[in-house]
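Please look at the sequence and the structure shown here, and keep both in view while reading.

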Amino acid sequence: MKRLLLPLCLFTITNLADAHVTLEQTKAKAGSYHKLTFKIGHGCDGSTTHTVKINLPEAATGAKPMLKPGWKIDTVSQTLSKPYESHGKTITTGVREVTWSGGQLPDAYYDEFSIQVKLSDEVGKQYFKVTQLCEKGRLDWIEIPTEGQSSKALKSPAPVLEVEAKNEIVPHH
C-alpha cells in the first residue's frame, strides 16, 4: 500500500505546482443557471494572492458573485451588444467583470471564487479571462487557443466552460 501512495502523492504535488486557474465544473447546459467556481491553486512565484479579477463573456448574464469573508467585491457593468429579456424586462447592461480584493491567499493554499450566472442558449466554448494579483507580481490567465490548438499548449490559458445543448424532450409517437 505504501508503494502506491508515494507515487500518488508525488503526482498530486506535481500537478498542483503546474496548476492553472480552472473551473470546478467544466461543462454546463445552454440556457441554464450555473455556478462558476474558479479554483486558484497557487500564488505568483511563491507570493500571496490579494486580488482575483474575472472577466465574463456576454453569454454569461445576470452575474451574482459569492461573498468571501475577508474579501471585498467590486463589479463593473457595461452595455450589452445584445439586450435580452428577463422576467418581462429588457436587460441592456450587465456585469462583465467581478473583482475580489483585500484578502490573503498564501501560495501554500488554494481557494475558490464563485459567481452565479445565466448562460445564453449559445452552444460552444466560453472563455473567462482571469487576472491574479499578488504581493509580488501578477498572473494573467487570458490565453485562448486558436482553431485546432490545444489549451494545454498555452502557458497561461483562460479557464473554459463547454456549453452543451439543452436536453430536448422528444415526444413519443
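Which residues does Leu 161 touch, not counting residues up to four places away in sequence? Leu 161 touches Leu 23, Gln 25, Thr 26, Lys 27, Ala 28, His 34, Leu 36, Leu 119, Gly 124, Lys 125, Gln 126 and Phe 128, where contact means heavy atoms within 4.5 Å. The model is predicted, with local features needing pLDDT of at least 70 and side-chain atom pairs counting only at pLDDT 80 or more, while totals for chains, interfaces and linings use all residues. Residues are numbered from 1 along each chain as its sequence is written, and side-chain values use heavy atoms, with hydrogens and water left out.

Leu 161 also belongs to the largest nonpolar core, which has 26 residues, and is listed there with Leu 36, Phe 38, Ile 54, Leu 56, Ile 115 and Phe 128 among those with the most contacts inside the core. A nonpolar core is a set of buried Ala, Val, Leu, Ile, Met, Phe, Trp, Tyr and Cys residues joined through side-chain atoms within 4.5 Å; buried means under 20% relative accessible area, exposed over 50%, and partly exposed in between, with a 1.4 Å probe and protein chains only. At least two residues of this core come from each of E3, strand E4 (49–55), E5, strand E7 (89–105), E8 and E12, the strands (E) being DSSP runs of at least two residues, and helices (H or I) of at least four, numbered from the N terminus.

The aromatic rings come next. The structure holds three aromatic pairs, and rings of Phe, Tyr and Trp (its six-membered ring) pair if their centres lie within 6.5 Å, with planes under 30 degrees apart counting as stacked, over 60 as edge-to-face and the rest as tilted. Phe 38 and Phe 128 form an edge-to-face pair, 5.7 Å centre to centre with 70 degrees between the planes. This pair links distant parts of the chain, 90 residues apart, since Phe 38 is in strand E3 (residues 33–40) and Phe 128 in the loop between strand E9 (124–127) and strand E10 (130–134). Phe 38 is buried at a relative accessible area of 0%, and Phe 128 is buried at 0%.

The ring centres of Trp 71 and Phe 113 are 5.2 Å apart and their planes lie at 85 degrees, so this pair is edge-to-face. Trp 71 counts as buried at 11% relative accessibility, and ring pairs link Trp 71, Trp 100 and Phe 113 into a cluster.
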